[in-house]
Amino acid sequence: MRKLILFLIFLLLNSCESSLFAGADVSGYLDSSAENSKFDFISGIDIDKEGNLYIADLGNNVIRKITPEGKVSTFAGTGKKGNKVGKKEDAEFNFPTDIEFDNEENLYIADELNNKVKKISKDGIVSEINFPEKDKLYHPRQIFFSNENKFYIFFEGGFYEILPDLKLENMPITIPYISKISLNKKTNEFYFISSENVTGIYFILKLTKRDINGEIQEITEKYKKSPYPDSELYSIAFDNEGSMYISYSNGCISKTSKDGKFIRNYSTAHFQILFSSNPIRIGKDNTQRMVIDNKRKILYYANLTSIYKINIK
């Protein structure tokens, strides 16, 4: 029996197509080389044009930066919980849940427990976005920018497009219990994972241009079944060709073409040997945040304390 278990472990380890890029199995706060760095609750991830990764390190209340060579540093925040703007090294956040670059390389932060959305300019200044309808700013969860630099925010209380005057335009969707949203920038379609249908189903919302009166011309909703109907959906990401990557609770990431045809799977199985009551644990919750470096053809995905990478050439 022992030989069989060891053989199965060998097969899984050698079939894994991903490798550890940064972080560790244990939480912490350490800026260092990738293999020595530590994070505490990775909640958001994005990438700039040079291939640097940016991490919303929620547990440490900071934004981290990882170069393509694997050097980890603190990009913004002191690590102290608070609500302070100004120079990025002096800024304070409270539960930074998500981050997203706009088309001008400004970094936006969903500062959830401060009920704020903040911006880090290219010259390193943190400021608050002063929305006129502050009463609707309840727990911002995710931020999106389209290829046309249209601005969208998912709050606990709704999903909004941010108009040029910073007013919030409610997006009238009927999808229940939204747990995760992804934007296909090539098609301007939003993809929703609903916690009411955690196994095998995701929803698609098609947004079209506004008419001359500012009204949305068309919103259509549909749902699709994933290749693994019995596995929980974790996250969805897109490359610049419109291909879709979906991560699942079974340790796989599937790739489908822009017209919905299945292409292939990537294995993300990771074993963690722990000296505890559960000595061998298959990495769970390990694909909930994904981003793609289209220039280098690398998919990065993160669990709570580590970032992994897959070559998708």
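The model is predicted: local features need pLDDT of at least 70, side-chain atom pairs count only at pLDDT 80 or more, and totals for chains, interfaces and linings use all residues. Residues are numbered from 1 along each chain as its sequence is written, and side-chain values use heavy atoms, with hydrogens and water left out. Helices (H or I, at least four residues) and strands (E, at least two) are DSSP runs, numbered from the N terminus.

- E17 sits in the loop between α1 (2–15) and β1 (18–23).
- Its relative accessible area is 35%, so E17 is partly exposed. Buried means under 20% relative accessible area, exposed over 50%, and partly exposed in between (1.4 Å probe, protein chains only).
- E17 touches R264, N265, Y266, S267, K309 and I310, not counting residues up to four places away in sequence. Contact means heavy atoms within 4.5 Å.

- Strand β2 (residues 42–47) has 6 of its 6 residues buried, so the rest of the structure largely encloses it.
- β2 pairs with β3 (residues 53–57) in the antiparallel sense, over 5 bridges. Two strands pair if DSSP finds at least two bridges between them.
- Across this pairing, D46 stands opposite Y54 in β3.
- The two strands, β2 and β3, form a hairpin with 5 residues between them. In the turn, G51 has a positive phi of about 90°.

**Aromatic pairs**

- The whole structure holds 17 aromatic pairs. Rings of Phe, Tyr and Trp (its six-membered ring) pair if their centres lie within 6.5 Å; planes under 30 degrees apart count as stacked, over 60 as edge-to-face and the rest as tilted.
- F159 and F190 form an edge-to-face pair, at 5.0 Å centre to centre and 80° between the planes.
- F159 lies in strand β13 (residues 158–162) and F190 in strand β16 (residues 189–194), so the pair ties together parts that are 31 residues apart in sequence.
- F159 is buried at 2% relative accessible area, and F190 is buried at 0%.
- F144, Y152, F159, F190 and F192 form one aromatic cluster.

**Charges over rings**

- A charge sits over a ring if NZ of Lys or CZ of Arg is within 6 Å of the ring centre and within 35 degrees of the ring normal.
- K88 lies over the face of F75, at 4.5 Å from the ring centre.
- R264 lies over the face of Y266, at 3.9 Å from the ring centre. Both R264 and Y266 are among the residues that E17 touches.
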